[in-house]
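Here's a quick walk through one protein model, written for someone who likes to know the cut-offs. Have a look at the structure first.

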Amino acid sequence: MNSCLSTTDITLREGLEQFYARYENQLSHTDTALPQEVHAFFKSHDLVHVLFGCDISLFGEGQVKLWTIFGTTLGFWNHLKLYRKANAFELSRKLPFWKSITDLFRLIGSVPVLILRARQMHRPWPWEEYERYLDTSIADLRKEFNIQVFP
């Protein structure tokens, strides 16, 4: 599994803490000088990483984009607008070339499955109104929303 979490019986809050600890030196958006709107965007983005079991490789970031568009309340146009505003496309320039190529082909092959899994969710994940779920286990959230993590 392409998960950044060791277990799903931890809460979403704990999962986010693990995510930040694991990728501490690779995340540029944790800079405290960034505007509040950018921090809010990235917290929602990082929660999608945790909940949907995605790492920060190009493949994982591609998965997050698809899950965000098809499996959250943010949607396509707001996704593009916020990603541009937060300069979130910068990550792809920092990844090794050959790893990016293999991840890209892997992602292309997984697009139909990811879209289908997002469409099979019971309801979309709330992009902004997630606070009430932070102390719920990741396993329970995946069950409640019918999230099937992609391997």
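What follows goes from the overall fold to a handful of individual residues.

## Ground rules

This is a predicted model, where local features need pLDDT of at least 70, side-chain atom pairs count only at pLDDT 80 or more, and totals for chains, interfaces and linings use all residues. Residues are numbered from 1 along each chain as its sequence is written, and side-chain values use heavy atoms, with hydrogens and water left out.

## The overall picture

The protein has six helices and zero strands, with elements running α-α-α-α-α-α from the N terminus. Helices here are DSSP runs of H or I with at least four residues, strands are E runs of at least two, and numbering starts at the N terminus.

Of the 151 residues, 48% count as buried; that means under 20% relative accessible area, while exposed is over 50% and partly exposed is in between (1.4 Å probe, protein chains only). The accessible surface comes to about 8,300 Å², with 56% of it belonging to carbon and sulfur atoms. Those areas come from the Shrake-Rupley method with a 1.4 Å probe, and for residues only the protein chains shown count as cover. As for contacts (heavy atoms within 4.5 Å), residues 24 or more positions apart account for 70% of those with a separation of 6 or more.

Which residues of α6 are buried? They are I138, L141, R142 and F145. They sit on the same side of α6 because they cover an arc of only 100° around the axis, taking directions from the helix axis to the C-beta atoms. An α-helix has 3.6 residues a turn, so residues three or four places apart point the same way. The buried residues of α6 pack against α1 (12–22) and α2 (36–51).

Most residues other than glycine have a negative phi. N146 counts as partly exposed because its relative accessibility is 22%.

## Two salt bridges

The count comes to two salt bridges, each being a side-chain nitrogen of Lys or Arg within 4 Å of a carboxyl oxygen of Asp or Glu. One joins R13 and D135, with the closest N and O atoms 2.9 Å apart. That pair links distant parts of the chain, from R13 in helix α1 to D135 in the loop between α5 and α6, 122 residues apart. D135 is exposed at 55%, whereas R13 is partly exposed at 34%.

The other joins E144 and R123, with 2.3 Å between the closest N and O atoms. Here E144 is in helix α6 and R123 in the loop between α5 and α6, 21 residues apart.

## A pair of buried serines

S44, in helix α2, is buried at 3% relative accessibility. Its side chain reaches the backbone oxygen of W127 at 2.6 Å. Leaving aside neighbours within four places in sequence, S44 is in contact with W127, E128 and Y130.

S57 is in the loop between α2 and α3 (58–71) and is buried too, at 14%. The side chain of S57 makes a polar contact with the side chain of D55 (2.7 Å). A polar contact is a pair of N or O atoms within 3.5 Å; within protein, one must be able to donate a hydrogen and the other to accept it, and residues adjacent in sequence count only if both atoms are side-chain atoms.
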